[in-house]
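Subject: Handover of a structure

Dear colleague,

I am handing over the structure below for your reference.

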Amino acid sequence: MHSLAHSLKTRGLVSLACLVMLLLTAACGSTGTTSGSGGSGKGNLVIASKLDVESQLIAEMYGLLLKKDGYNVTQKAALGNSTIIFQAITSNQIDIYPEFTATGLNKLGIPSSYNPQKDYQTVKQNFDKKYNLIWLDASPLNDGYALCTTKTEAQKLNITTISQLTPKVSQLSLASPSDGTTFVDGLQKTYGFTTKSFKKTSTVDYNIGFKAVSSGQAQINVCYGTDATVQQQGFVFLQDDKNGFPAFNPAPVVRNAILKKDSDISSVLNPLAPKLTTAVSIQLQNQVANMTKGGSSSTHAITVVAQNFLKQQGML
């Protein structure tokens with residue numbers, strides 16, 4: 001589920017047993033398959049992803065591009081949550097994975113500046129200094145938090161942006177997953193309201209929030225910015241026109257030792273960054289969902305969708 005995957009991505013909870021297993025075997029979670037050899041004698045790379053489809057798609061693209069460039073690539077798809085992935089890369093069991101800027105800030109214990117470029121520079125500098133991990137170019141794709149409502153409710157309230165919502169919050173009810181309330185409270189700085197500003201705020205399971213708004217029990221819901229089901233359920237995102245939510249922009253995180261040995265990894269992966277937008281992510285996730293509904297395995301669907309996208313972009 002997207003909600004579970006996102007919560008795992010941002011909070012990184014993990015059992016001690018799973019960590020022990022990871023350290024001993026690097027087998028906590030699904031290890032995926034080997035992508036194969038490019039055949040030009042370049043080195044071996046292990047690429048991992050978190051549990052959600054979006055992370056798996058991005059990591060698959062990294063692997064396909066590096067394979068094309070001649071590397072022997074092993075994919076560890078859906079290896080685990082943030083804590084497991086971080087433990088794996090800092091113990092040299094994986095070489096590359098896609099990470100998100102706000103998740104990186106959370107790891108560092110540094111609050112967001114609410115400026116995406118500043119946040120990126122902060123994680124880039126501090127991950128290099130503290131962990132010997134290099135952030136390559138980040139994508140505009142933003143898998144952060146968002147406010148959404150039904151198309152009907154948006155038309156009724158005559159709102160398309162959070163700024164337009166602001167003067168109305170005291171008359172409205174909010175539904176939010178537990179991991180979203182802190183981020184809504186963070187809107188105080190830019191929009192002047194918190195969860196307490198609403199007539200009522202209910203903390204509910206992510207999917208229940210949609211039902212609450214659809215049934216009229218709430219008018220606004222906390223959503224995840226690249227959740228493809230938002231549009232499928234007849235909801236619309238309210239534009240975060242003042243960047244009140246911190247950005248979750250993905251970038252390849254690579255071990256410094258690997259980049260020193262294979263410096264061309266940057267030139268292979270960086271051109272992908274600007275092509276990965278929020279709209280593209282939602283589109284690709286929908287394609288994976290449609291293929292799995294048609295009987296394909298998730299692993300096969302992710303590979304096919306990633307390949308097709310890179311071919312359309314002229315990268316494969």
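The chain exposes about 13,400 Å², and carbon and sulfur atoms supply 50% of that area. Accessible areas come from the Shrake-Rupley method with a 1.4 Å probe, and for residues only the protein chains shown count as cover.

Please note that this is a predicted model, in which local features need pLDDT of at least 70 and side-chain atom pairs count only at pLDDT 80 or more, while totals for chains, interfaces and linings use all residues. Residues are numbered from 1 along each chain as its sequence is written, and side-chain values use heavy atoms, with hydrogens and water left out.

Overall composition

The chain contains 16 helices and 11 strands; helices (H or I, at least four residues) and strands (E, at least two) are DSSP runs, numbered from the N terminus. Of its 316 residues, 53% count as buried, where buried means under 20% relative accessible area, exposed means over 50%, and partly exposed lies in between (1.4 Å probe, protein chains only). Among the contacts in the chain with a separation of 6 or more, 79% are accounted for by residues 24 or more positions apart; contact means heavy atoms within 4.5 Å.

The sheet

Two strands pair if DSSP finds at least two bridges between them. Leucine 147 has valine 222 in E9 as its bridge partner. Axes are lines fitted to C-alpha atoms, for helices over the stretch in contact, and angles run from 0 to 180 degrees between N-to-C directions.

Helices H3 and H15

Helix H3 (residues 53-68) packs against helix H15 (residues 278-293) at an angle of about 100°, with the axes 10 Å apart. The two helices, H3 and H15, are therefore roughly perpendicular to each other (angles under 35 degrees count as roughly parallel, over 145 as roughly antiparallel, 65 to 115 as roughly perpendicular and the rest as oblique). From H3, Val53, Glu54, Leu57 and Met61 meet Ser281, Leu284, Gln285 and Val288 of H15. Serine 281, in helix H15, counts as buried at 6% relative accessibility. Not counting residues up to four places away in sequence, serine 281 touches Glu54, Leu141 and Thr226.

Helix H5 (residues 101-108) is mostly covered, with 6 of its 8 residues buried: Thr101, Ala102, Thr103, Gly104, Leu105 and Leu108.

Aspartate 128 belongs to helix H6 (residues 116-131) and is partly exposed, with a relative accessible area of 31%. Leaving aside residues up to four places away in sequence, aspartate 128 touches Leu133, Ile134 and Asn256. Aspartate 128 and valine 253 are 125 residues apart in sequence and 10.0 Å apart in space, C-alpha to C-alpha.

Yours sincerely
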